[in-house]
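Here is a friendly walk through one protein chain, from its overall layout down to single residues. Keep the sequence and the 3D view open as you read.

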Amino acid sequence: MTRMVASLSALILSIVLLVSGNAFLMTLLGIRLSIEQVSPNVIGWVLVCYSIGFVLGTLYVHKIIGRVGHIRAFAVFAAMAAVVSLMYPMALSMVFWAVLRVLSGFTIAGVLVVIESWFSSRATNANRGALFAVYQIVFYLSAAGGQLIVNVGDPTSFLPFSLAAILLTMALIPLSLTRMEAPVIEQSPRMSFFKLGRESFTGVAGALICGVLIGGFYALGPVYATMVGLDVARTSTFMASAIVAAMLLAWPLGRLCDRFDRRRVMFWVALFGAGSAGAVAFTGAANLALLTLLVGLFTGLSATIYPIAVAITNDRMESNRIVAASATLLLSYGIGSVIGPIAMAELINQLGPAGLFYGNAGFLLLLAAITSYRITHTDDVPVAEQEHFVPAMPETSSVLTEMDPRNTEFHESAEVEEMQEELRQAG
């Protein structure tokens, strides 16, 4: 396993640079728009364009990659993402920035498809669970690290945007120098929303509402922090703490999901998440330590809703349909991430900064009600028959779902099989 991770070091370094640069830019934009006193609902419409571009990217970038190859496609997507980041300070036009957010979402989706397909191509049936976990840990830590460099330079100057461009451009270097052969990318099959909802309505609803919550928070969390009086340094810590909490809570809640009925776990997660969001709305930023704790609890619980939704769905799927179901759940999450910033921005506009968390509490209570109804009207899957819970991150493409350890239809690539044969001969 150590040798496998070492062979992926160039890929991991590219992930760190790309994700940290993109996370840094997303928070920077929210802060900059707040400083410019742009209306919250306008900010929501501008920032949601990233999610729109990302969803479109996951649907169509496969065609570009298939036409020009992995290395060229990666270079084009990463270079375009860097160019876009340099263009923001050229003109403070909301229409211009909205177009740039669509382009940014599309190009980041393209880069992630390339990276994740390479990651998946190096997985074997023996190590793919560990690689799946390594990818997610690297992703979360990179996103949190990106928040901590937000206070480098004045958000109204070119400097921070240039730094984001540098990080995105540097992500080109490690992967462009790799000698790994390009894998074959196949468009992941999808199941219709109607069919999946009929078999696992709780899973579809959970993925959608998780997208609303996480998409709304990542877009408008910096706006909230600025509106309640946090400076740039505290805003960066505020956002980083939320991301780290999302990573840390995934594992203990995963153990609960393996020991109890998952729909009941989701019900209590939604209720406690609603309670923490309501507490944030009520207490505000009077106590920074309490605010950070409550927001961390809210984001940590909210982020676990997606992997619980995936687990609930997989429990009701044959193994050969897991990838198709997971791809549809990702699309459901993407649709939610489009709804979230728009809905939360309007609530902020009407109720002030607390509107963000009143809205989050409302969506979580809605999920609790849906889950409670499904528990009382449909049969449970016995705990002994549940699939093993796997923490799953939604900010990704459908390529990575093929590595999910629960996918028994996973096939090792020819390159991996050849490498295994060489290691056997060497040993």
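Residues 24 or more positions apart make up 86% of the contacts in the chain with a separation of 6 or more, where contact means heavy atoms within 4.5 Å. What you are looking at is a predicted model, in which local features need pLDDT of at least 70 and side-chain atom pairs count only at pLDDT 80 or more, while totals for chains, interfaces and linings use all residues. Residues are numbered from 1 along each chain as its sequence is written, and side-chain values use heavy atoms, with hydrogens and water left out.

**Overall layout**

The chain has 16 helices and 0 strands. Both kinds of element are DSSP runs numbered from the N terminus, with helices being H or I of at least four residues and strands E of at least two. Of the 427 residues, 57% count as buried. Here buried means under 20% relative accessible area, exposed means over 50%, and partly exposed lies in between, with a 1.4 Å probe and protein chains only.

The expected span is 1.5 Å times one less than the number of residues.

| Helix | Residues in helix | Span between end C-alpha atoms | Expected span |
|---|---|---|---|
| α10 | 27 residues | 37 Å | 39 Å |
| α11 | 28 residues | 42 Å | 40 Å |

A bend is the angle between axes fitted to the seven residues ending at a position and the seven starting there. In α3, the bend is about 50 degrees and sits at Tyr60. Gly69 follows this helix with a positive phi, near 95 degrees.

Helix α10 covers residues 201-227. It bends by about 50 degrees at Leu220, and the proline Pro222 follows within four residues. Of the 27 residues in α10, 22 are buried, so the helix is mostly covered. Just after α10 comes Gly229, with a positive phi of about 100 degrees.

Helix α11 runs over residues 232-259. At its start, a side-chain oxygen of Asp231 comes to within 3.4 Å of the backbone nitrogen of Ala233. Further along α11, a kink of about 30 degrees lies at Ala250, shortly before the proline Pro252.

**The nonpolar core**

Which residues touch the most other members of the largest nonpolar core? They are Ile115, Leu220, Phe238 and Phe357, in a core of 114 residues. Such a core is a set of buried Ala, Val, Leu, Ile, Met, Phe, Trp, Tyr and Cys residues joined through side-chain atoms within 4.5 Å. In soluble globular proteins, nonpolar side chains tend to be buried together.

Leu220, the residue at the bend in α10, is worth a look in the viewer. Not counting residues up to four places away in sequence, Leu220 touches Pro40, Ile43, Gly44, Pro341, Met344, Ala345, Ile348 and Leu356.

The contacts below leave aside neighbours within four places in sequence. Val138 lies in α6 (residues 128-148) and counts as buried because its relative accessibility is 16%. Its contacts are Ile12, Ile15 and Val16. The C-alpha atoms of Val138 and Val19 are 9.1 Å from each other, although the two residues are 119 residues apart along the chain.

Leu168 is part of α7 (residues 159-170) and is buried, with a relative accessible area of 2%. Among its contacts are Leu18, Asn22, Ala78, Ser85 and Ile108. Met80 is 88 residues from Leu168 along the chain, and their C-alpha atoms are separated by 9.3 Å.

Thr304, in α13 (residues 288-314), is buried at a relative accessible area of 1%. It is in contact with Leu249, Ala250, Leu253 and Val269. Ala250 is also where α11 has its kink.

**Cysteines and an exposed loop residue**

How many disulfides does a search of the whole structure find? The search finds 0, a disulfide being a pair of cysteine sulfur atoms within 2.5 Å. Cys49 counts as buried at 12% relative accessibility, and Cys210 counts as buried at 0%.

Is Gln37 buried or exposed? Gln37 is exposed, because its relative accessible area is 71%. It sits in the loop between α2 (9-35) and α3 (40-68). Most residues other than glycine have a negative phi. Gln37, which is not a glycine, has a positive phi of about 60 degrees.

Technical notes:
A polar contact is a pair of N or O atoms within 3.5 Å; within protein, one must be able to donate a hydrogen and the other to accept it, and residues adjacent in sequence count only if both atoms are side-chain atoms.
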